[in-house]
Amino acid sequence: MYFLFFILHGWRKRSAVQPQTICSEIPLHKAFAILLSFTIALLVGRKALKVSENTSILVGGGTCICGGTAVATLSRIVKAKEEEIAFAMAAIFLFAGYVG
């Protein structure tokens with residue numbers, strides 16, 4: 001639950017945010033889209049691409065939240081190695097450059 005709280009913390013710009021406040025203010029379709037894209041990233045990363053769990057978490061969080069900032073924040077939470085962070089950042093920025 002703390003993991004989800006840290007991801008969603010950026011949704012509101014105020015100093016004292018409670019987890020129950022965040023969850024009540026996110027529209028259901030956005031929460032569903034975030035969870036779906038994060039789940040897909042975890043499954044594809046672990047099963048199809050055979051990357052580490054931390055790398056899958058970083059790429060999933062960076063894809064469904066806000067890119068490099070989410071990767072940097074999540075890397076501290078999951079205690080990712082430098083190689084995992086570098087791979088996730090490269091994947092996010094290459095994807096953003098290709099799509100954007």
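Q: With which residues is Ser-56 in contact, leaving aside its neighbours within four places in sequence?
A: A contact here means heavy atoms within 4.5 Å. Beyond those sequence neighbours, Ser-56 is in contact with Ala-41, Leu-42, Gly-45, Arg-46 and Val-51. Before we go on, please note that this is a predicted model, in which local features need pLDDT of at least 70 and side-chain atom pairs pLDDT 80 or more, while totals for chains, interfaces and linings use all residues. Residues are numbered from 1 along each chain as its sequence is written, and side-chain values use heavy atoms, without hydrogens or water.

Q: Is Ser-56 buried or exposed?
A: Relative accessible area decides this: under 20% is buried, over 50% exposed, and in between partly exposed (1.4 Å probe, protein chains only). Ser-56 has a relative accessible area of 1%, so it is buried. For a contrast in category, take Leu-36: its relative accessibility is 41%, which means that it counts as partly exposed.

Q: In which helices do Ser-56 and Leu-36 lie?
A: Helices are DSSP runs of H or I with at least four residues, strands are runs of E with at least two, and both are numbered from the N terminus. Ser-56 belongs to α4, residues 53–66, while Leu-36 is placed in α3, residues 28–48.

Q: How many of the 14 residues of α4 are buried?
A: The count is 10 of the 14, so α4 is largely enclosed by the rest of the structure. Ser-56 is one of them, and others include Asn-54, Ile-57, Leu-58, Val-59 and Cys-64. The glycines Gly-60, Gly-61 and Gly-62 are buried in α4 as well.

Q: And which residues of α5 are buried?
A: In α5, residues 68–78, the buried positions are Gly-68, Ala-70, Val-71, Leu-74, Ser-75 and Val-78. They cover an arc of only 145° around the axis, so they sit on the same side of α5; the arc is that of the directions from the helix axis to the C-beta atoms. Turn to the other side of α5, and you find Thr-69 and Arg-76 exposed.

Q: How many helices and strands does the chain have?
A: You will find 6 helices and 0 strands, in the order α-α-α-α-α-α from the N terminus on. Of the 100 residues in the chain, 32% are buried. Among contacts with a separation of 6 or more, 42% join residues 24 or more positions apart.
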